[in-house]
Amino acid sequence: MTDAPRSAGTPTLEDVARAAGVSRATVSRVINGVRNVDPVIQEAVRRAVSLTGYAPNRAARSLVTRRTDAIALVVSGAGVDTEPSDGGSASDTADPESGSSFTAQVFADPFFGRVVTGVVNYLRPRGMHPVLMFAETSRAREDVVSFLRQGSADGALVVSTHAEDPLPGMLTDAGLPAVLYARPARPVRISYVDLAHQDGARLAAEHLLARGCRRLATITGPLDVPAGQDRLAGFRDTMAQHGHPYIPIAEGQFTQESGEAAMERLLTEHPDLDGVFAANDLMATGACHVLREQGRRVPEDVAVIGFDDSSAASACRPPLTTVRQPVEAMAAEMARLLIDGLSKPDGATTSVIFEPALVVRDSA
C-alpha cells in the first residue's frame, strides 16, 4: 500500500485506490460490503480509507444499493387510539398520557436496555444504525408501516409487549422485512428468535426441589403471552413429574408491583409455602420485598428464583438465583436474521431458539 498523503480536497475513491494499490472498482466493492473480496485486499482498502480520510457518500451509495443502513427497532403494544366523536382525527383525541406511560414502562424494564445493547453491538461494526420507534397505538403502528414503505429504513426488529399486537401481521401483509423477538401468540409468517422457556422453568423447579422445598408456588407472567404460558407449563410439568400435581399460581404482569401483589395473595392463601418461582426477575424482586416485610427470610424460610438474569437479579437483596435468558445474544441474532434476509427477500422464514441456564446466587 502506498503511503500517499491526504488529498488537499475531499478524498475520493481514486485517492483510496491509489493508496491501497488496487482499482477503483475494488475499493467500491469493499466499501459496499461485497463478500467475495480477498480479506488481504479488504484490509488494505480499510487502511487506505483511514489514511486518506475518505468518507463514503451514504446518500449516493443508497441510490445504488437501495439500502439506507438504518434499521427500525420497534417496541410495540396493542393499544388503540381513542375514536373521535366530533369528526376530528384520532390523533386529536388520543390520550397523550398513554404514550408517555408506555414509553416510561419500556425504559423502566431492564429487558429492553439489553435488547438495544445487543442490536447496537451487532449493527455498529457493520456501519448500520437502529432507529428507535414506539408503536403503542393503531396510529403509531400505521406510522411504522409507512416509515418502512417509504424506504426510510431497510427493515424492522420488533419487540412486542402484548399477545394481541397486530403489528407483526401488518408488516408481513405489507411484504416488509421484519424479525420478531419471541414467538408470536398467533400464527404469523415471520422469522423470530426465542428462548426454550419450558426448559428454563424446568431448571428452576429442579433446583427448588433439590434444596428440599416441597410447598411451592409460582408467580406467572401474563398468561395471554407465549412466554408466560411456557414458563408456567414447564414449571408445572416438572413438578408433576416429581409427584407434585398441584401448584398454586398467581398471575403477574412482569412488573415489580405485580410481583408484590401476587406474593401477598399467595401468602394469604398458602402461608406455609417454602419456595417460589417467579417468571421474571422484577416480579421475583417484588416477591422478596413482601417476604421481608412479612418476616420471612430468603432463602431460609422461602427460596425464590427469578427468570432473565437481568440487572434486577443482581440488585435484589439477597441477589436472585435466576434462569438466564441471553437477551443481548438473542437481539444480535435477530439483527443478523434481518440483515441476511435483506439479500434474499424471497427466502423462507426461520426461527432460532436459545437455551437457558441456571445462575445460582443467594435467594435459592
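User: OK, how many helices and strands does the protein have?

Analyst: The protein has 15 helices and twelve strands. Of its 364 residues, 48% count as buried, and among the contacts with a separation of 6 or more, 73% are accounted for by residues 24 or more positions apart.

User: And what pLDDT does the protein average?

Analyst: The average pLDDT is 87, and 86% of the residues score at least 70. Over residues 82-96, however, pLDDT stays under 50, and for that stretch the model has twelve contacts beyond four places in sequence. Where pLDDT is low, the predicted coordinates should not be read in detail.

User: Good to know. Let's turn to helix packing: at what angle do helix 1 and helix 3 pack?

Analyst: Helix 1, residues 13-20, and helix 3, residues 39-52, pack at an angle of about 120°, and their axes are 8 Å apart. Because angles of 65 to 115 degrees count as roughly perpendicular and only those over 145 as roughly antiparallel, helix 1 is oblique to helix 3. The crossing in which helix 1 passes helix 3 is right-handed.

User: Which residues make that contact?

Analyst: From helix 1 the contact takes Asp15, Val16, Ala19 and Ala20, while helix 3 brings Ala44, Val45, Ala48, Val49, Leu51 and Thr52. Sorted by class, the contact of helix 1 with helix 3 has eight nonpolar residues, one polar and one charged.

User: What about helix 12 and helix 13, how do their axes cross?

Analyst: The axes of helix 12 (residues 256-269) and helix 13 (residues 281-293) cross at roughly 50° and come within 7 Å. Helix 12 and helix 13 are therefore oblique to each other, and their crossing is right-handed. On the helix 12 side the residues are Gln256, Ser258, Gly259, Glu260, Met263, Glu264 and Leu267, which meet residues of helix 13 including Leu282, Met283, His289 and Leu291.

User: How do the residues of that contact divide by class?

Analyst: The contact of helix 12 with helix 13 divides into seven nonpolar, six polar and two charged residues.

User: Where is Ala182, and what is its phi?

Analyst: Ala182 lies in the loop between strand 4 (178-181) and strand 5 (191-195), and it has a positive phi of about 90° although it is not a glycine. With a relative accessible area of 23%, Ala182 is partly exposed. Phe254, in the loop between strand 7 and helix 12, likewise has a positive phi, near 65°, in a residue other than glycine.

User: One last topic, the prolines: which peptide bond is cis, with omega near 10°?

Analyst: That is the peptide bond from Val298 to Pro299, and Pro299 is found in the loop between helix 13 and strand 9 (303-308). The bond from Arg317 to Pro318 is also cis, with omega near 0°, and Pro318 has its place in the loop between helix 14 (311-315) and strand 10 (321-324).

Definitions and conventions: Residues are numbered from 1 along each chain as its sequence is written. This is a predicted model: local features need pLDDT of at least 70, side-chain atom pairs count only at pLDDT 80 or more; totals for chains, interfaces and linings use all residues. Side-chain values use heavy atoms; hydrogens and water are left out. Axes are lines fitted to C-alpha atoms, for helices over the stretch in contact, and angles run from 0 to 180 degrees between N-to-C directions. Helices (H or I, at least four residues) and strands (E, at least two) are DSSP runs, numbered from the N terminus. Angles under 35 degrees count as roughly parallel, over 145 as roughly antiparallel, 65 to 115 as roughly perpendicular and the rest as oblique. A crossing is left-handed if the near helix is turned anticlockwise from the far one by less than a right angle, and right-handed if clockwise. Contact means heavy atoms within 4.5 Å. Ala, Val, Leu, Ile, Met, Phe, Trp, Tyr, Cys and Pro count as nonpolar, Asp, Glu, Lys and Arg as charged, and the others, Gly among them, as polar. pLDDT is the predictor's confidence in each residue, from 0 to 100. Buried means under 20% relative accessible area, exposed over 50%, partly exposed in between (1.4 Å probe, protein chains only).
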